[in-house]
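Biologist: I have a structure on the screen and some questions about it. Shall we go through it step by step?

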Amino acid sequence: MGLALSKSALPLSDEKPQIAITIDDFNLFGAPPDVARRRNRALLNALGARSTLKAAAFPVGKNIDSELGRSLVRVWGEEGHLIGNHTYSHWFYPNRSFDEFSRDVLRLEPLIKDMPGFTKRFRFPALKEGDTVERRDKMRAFLKEHGYRMGYVTVDASDWYIDQRLRARLAQNPQADVGAYRDYYLNHLWDRANFYNELSRKALGRSVKHTLLIHHNVLNELFLGDVLDMFRSKGWRLVNAHEAFSDSIFSAEPNNLPAGESIIWALAKETGKFNGTLRYPGEDGDYEKPKMDKLGL
């Protein structure tokens, strides 16, 4: 089922858009412990320096299945952030059987269930929720059976791809000027946030409480503070993740195939009114590659 609208759900026309931060994967990219801890602390400090903003972390089990990995995630919970489930193996659901994938969801739980901040919010890897009605609906039923609610993304983006290219540049030249990567990243997020916010207004009649998808990576170690400052300077209100997840949009169940993408994208797709606007997938490195190539990034 989609999401019913009520007039009472509509915000005032002058209400500021609201956005929360959600951080996926916790891939350390082989970093030694001191570098991994520094990166983790930089991300936490960026959030803490801005009215102690509380995010939601969605770690991947294989990335944190070590004493170091678990210690990094635990600090997030200790400092008041939510910790959700992003599977153990980060498998692409359409490439796996329901039985394999559902077991992988539960495989992560022992690593995080006793941590402060653990909450039964689930996010599909790559936001891909099933390529058939049967597989989509079996996962929805499975998650409900195990007490999970969806940790949907509203503002999807390709920070992982920008980070990939940034890390490649720094591997070639550790002293490289990264200012152009910062500018590209901020412009990218601002473009994507406005796209999804406008799509929300057109498809749902309101601006939802947004959840931004970014990753635990070098790019955000360097620039998360700039990201937060950008949204504030442009009139958006930064909100805690638990507040964003209280929005009724996170209970929606769009009737699309393939299922997934940003929940706003999916609900817009379900209406059948935005076929000329919506690309598939919603976000991907392929969209950013020619632009970054042109800029020499």
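Biologist: Which residues of helix α10 are buried?

Modeller: Remember that this model is predicted. Helix α10 covers residues 263-271. A residue is buried when its relative accessible area is under 20%. In α10 that applies to Ile263, Ile264, Trp265, Ala266, Leu267 and Ala268.

Biologist: Which residue caps the N-terminal end of α10?

Modeller: Look at the backbone nitrogen of Ile264. A side-chain oxygen lies 3.1 Å from that nitrogen. The oxygen belongs to the capping residue, Ser262.

Biologist: Which residue follows α10, and what is its phi?

Modeller: Go to the other end of the helix. There α10 is followed by Gly272. The phi of Gly272 is positive, near 75°.

Biologist: What is the volume of the largest pocket, and which element gives the most to its lining?

Modeller: The largest pocket has a volume of about 490 Å³. Two or more lining residues come from each of β1 (18-25), α2 (61-64), α6 (159-172) and β7 (209-215). With three residues, the top contributor is α6.

Biologist: Which residues lie nearest the centre of the largest pocket?

Modeller: The lining has 27 residues. By class, 10 are nonpolar, seven polar and 10 charged. Nearest the centre are Asp25, His90, Ala126, Trp160 and His215.

Biologist: Which residues are closest to the centre of the second largest pocket?

Modeller: This pocket has a volume of about 200 Å³. Its lining has 14 residues. The closest to the centre are Tyr148, Arg149, Met150, Phe250 and Ser251.

Biologist: Which element gives the largest share of the lining of the second largest pocket?

Modeller: Two elements give two or more residues each: α5 (133-145) and β6 (149-150). By class, the lining has seven nonpolar, one polar and six charged residues. The largest share is three residues, and it comes from α5.

Technical notes: Residues numbered from 1 in each chain as written. Predicted model: local features only at pLDDT ≥ 70, side-chain atom pairs only at ≥ 80, totals over all residues. Heavy atoms only, no water. 1 Å grid on protein atoms, 1.4 Å probe; cavity = no way out; pocket = protein on both sides within 12 Å on 5 of 7 lines; lining within 4 Å. Points joined across faces, edges and corners; volume = space filled by probe spheres on them. Helix = DSSP H or I, 4+ residues; strand = E, 2+ residues; numbered from the N terminus. Nonpolar A, V, L, I, M, F, W, Y, C, P; charged D, E, K, R; others polar. Buried < 20%, exposed > 50% of the residue type's maximum accessible area, 1.4 Å probe, protein only. Polar contact = N/O pair within 3.5 Å; in protein donor to acceptor, adjacent residues only side chain to side chain.
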